[in-house]
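Please keep the sequence and the model at hand while reading.

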Amino acid sequence: MQRSHIVRPAAMFWGLVVFMPVGVTYLSAIVLLLAMLVAGGLGERYARLRANPLWWPVMAYFAWTFIVLAIGQHYPETGSNLFHGIRIGLTMLMAMALTREEAIWALRGFLLVAALNIVLVIVFYAVGGFNIWSPLRAVVMEVGNKSISNALLFSVVASTAAVWGIAQIAAHKPLRAVPAFVLMLGLGLVVALPLTSRTSVLALLLVVPVVCIHQWRSHLKMLVGALVLGAVVMGAGLYQLPQLQHKVEVGVQELEEAQAGAVFKGSWAIRYYMYRDTGLMIADRPFTGWGIGGWTDQWHKRGPALLADSNMPHNDFLWVGAQGGLPALLSLLFIMVAAVWQAWKRPDIAGRYALAATLIALIASSVNSAMRDAQIGLALLFIAMVYLRLAQEKNDPNPWRGLLSSRLKGLESLEKDPARPAA
């Protein structure tokens, strides 16, 4: 590609702004798309997409969406829901269309801005709080869904640190793992306390054991030891977080009250009614659903009046299932599970990085609207797919090479699996 150099900074721009408000991330997506079109070499990108295992699942998802649009009922929300449905698939395809070098640039931007934001969080709470630029408030405190997005991104960074730390232990270099686990635990505190994201805490609690299994799946004794140690550390950490314990207790109480018929705006209570009523929507029309944009119409008819202002069921698979039936639900679920499986199949550290990122995206999409909500989906989904794109470099034993500047050669161990012998 003669003009491919313009795509690399565009990809990095998207990585750099994932913590910013959604308007900026939309801008970065448009910039990257235009850069790809202007750079040329579209035939090469198309061939790369056709060879990707996610190509046909995404095409099936698109095809069924347009079939339902053509034969189904239309609503005031049809246009916006169609847009978001297409955006989800397009975000995946844009990440998959990147070259390895372009994906590295996107990842470089993401990790750089994550590091700067970690410093911001430390300074903000060490100094005792100060007036902070409005677009960055969601980085240091709870501010709607944007803070959930930022917490999930911090979870990706924490899981990346965990993967690297586990690799150091496997390479018999435990002291080098200490900073990685300190970072992981520190970010775990950030997502649990100031950002108060139970979704992110849940994702970390599930992902870290999975990457341990991936690392030591052929060494049962090491695996058991790592899981027991991890359970003890996590259990001790949760025990020292009464705020998080309280949130879980409140959530359980909300579920019990909702099952008894109480209606109120509690996080878990809302999900109880949404999941129940959306499941009934799918059961009533399992094949074609209620049409694109039909969830909101049905929710207003079925859901409690107190909760009528919601426009998504906090589960992306139920959302598409209500609108497009089981084919839509299964096609989107297959895409996300296939992404996790593609990462799982790669046995080295690049696979574990992608496994953690894609699994966080899958979990967040199952308990929140991590794809439907652009505030989350334009950031988390893109970064997870960039991680996966690098893991799909089948003939490259070290797809993360070049992530760090050549002037930082001493830190290049981040880019390679320390358990892999040098070539």
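Helix 8 and helix 17 are roughly parallel to each other, because they pack at an angle of about 15 degrees, and angles under 35 degrees count as roughly parallel, over 145 as roughly antiparallel, 65 to 115 as roughly perpendicular and the rest as oblique. Their axes, which are 8 Å apart, are lines fitted to C-alpha atoms, for helices over the stretch in contact, and the angles run from 0 to 180 degrees between N-to-C directions. The crossing of helix 8 and helix 17 is left-handed, a term used if the near helix is turned anticlockwise from the far one by less than a right angle, with right-handed used if it is turned clockwise. On the helix 8 side, the contact (heavy atoms within 4.5 Å) is made by Asn 145, Lys 146, Ile 148, Ser 149, Leu 152, Leu 153, Val 156 and Thr 160, and on the helix 17 side by Gln 375, Ile 376, Ala 379, Leu 380, Ile 383 and Tyr 387. By class, the contact of helix 8 with helix 17 has 9 nonpolar, 4 polar and 1 charged residues, where Ala, Val, Leu, Ile, Met, Phe, Trp, Tyr, Cys and Pro count as nonpolar, Asp, Glu, Lys and Arg as charged, and the others, Gly among them, as polar.

The model is a predicted one, in which local features need pLDDT of at least 70 and side-chain atom pairs count only at pLDDT 80 or more, whereas totals for chains, interfaces and linings use all residues. Residues are numbered from 1 along each chain as its sequence is written, and side-chain values use heavy atoms, with hydrogens and water left out.

Helix 8 (residues 144–170) also packs with helix 16 (residues 349–367), at an angle of about 150 degrees and with axes 9 Å apart. This angle makes helix 8 roughly antiparallel to helix 16, and the crossing of the two is right-handed. The contact is made by residues of helix 8 including Leu 152, Val 156, Thr 160 and Trp 164, and by residues of helix 16 including Ile 349, Arg 352, Tyr 353 and Ile 360. The residues of the contact of helix 8 with helix 16 divide into 11 nonpolar, 3 polar and 1 charged. Helices here are DSSP runs (H or I, at least four residues), numbered from the N terminus.

Which residues of helix 1 are buried? In helix 1 (residues 7–16), they are Val 7, Ala 10, Ala 11, Met 12, Trp 14 and Gly 15, where buried means under 20% relative accessible area, exposed over 50% and partly exposed in between (1.4 Å probe, protein chains only). These buried residues pack against helix 2 (22–39), helix 3 (42–51), helix 5 (78–97), helix 6 and helix 17 (374–391).

Helix 6 (residues 100–127) holds Leu 120, which counts as buried at 18% relative accessibility, and Asn 117, which is buried with a relative accessible area of 6%. Leaving aside neighbours within four places in sequence, Leu 120 is in contact with Phe 130, Ile 132, Leu 136, Val 139 and Val 140, while Asn 117 is in contact with Phe 19, Leu 136, Val 139 and Phe 154. From C-alpha to C-alpha, Asn 117 and Val 139 are 7.0 Å apart in space and 22 residues apart in sequence, and Leu 120 and Ile 132, 12 residues apart along the chain, are separated by 9.8 Å.

Side chains of opposite charge can pair when their charged atoms come close. A search of the whole structure finds 10 salt bridges, each a side-chain nitrogen of Lys or Arg within 4 Å of a carboxyl oxygen of Asp or Glu; the table lists some of them.

| Salt bridge | N to O distance |
|---|---|
| Arg 48 and Glu 44 | 3.0 Å |
| Asp 297 and Lys 301 | 3.3 Å |
| Glu 101 and Arg 100 | 3.9 Å |

Arg 48 and Glu 44 both lie in helix 3, 4 residues apart, about one turn of the helix; Arg 48 counts as buried at 18% relative accessibility, whereas Glu 44 is partly exposed at 42%. Asp 297 and Lys 301 are likewise separated by about one helical turn, because they are 4 residues apart in helix 14 (residues 294–302). Asp 297 is partly exposed, with a relative accessible area of 22%, and Lys 301 counts as exposed at 61%. Arg 100 is buried, with a relative accessible area of 10%, while Glu 101 counts as partly exposed at 39%. Arg 100 and Glu 101 are linked with Asp 396 and Arg 401 in a network of salt bridges.
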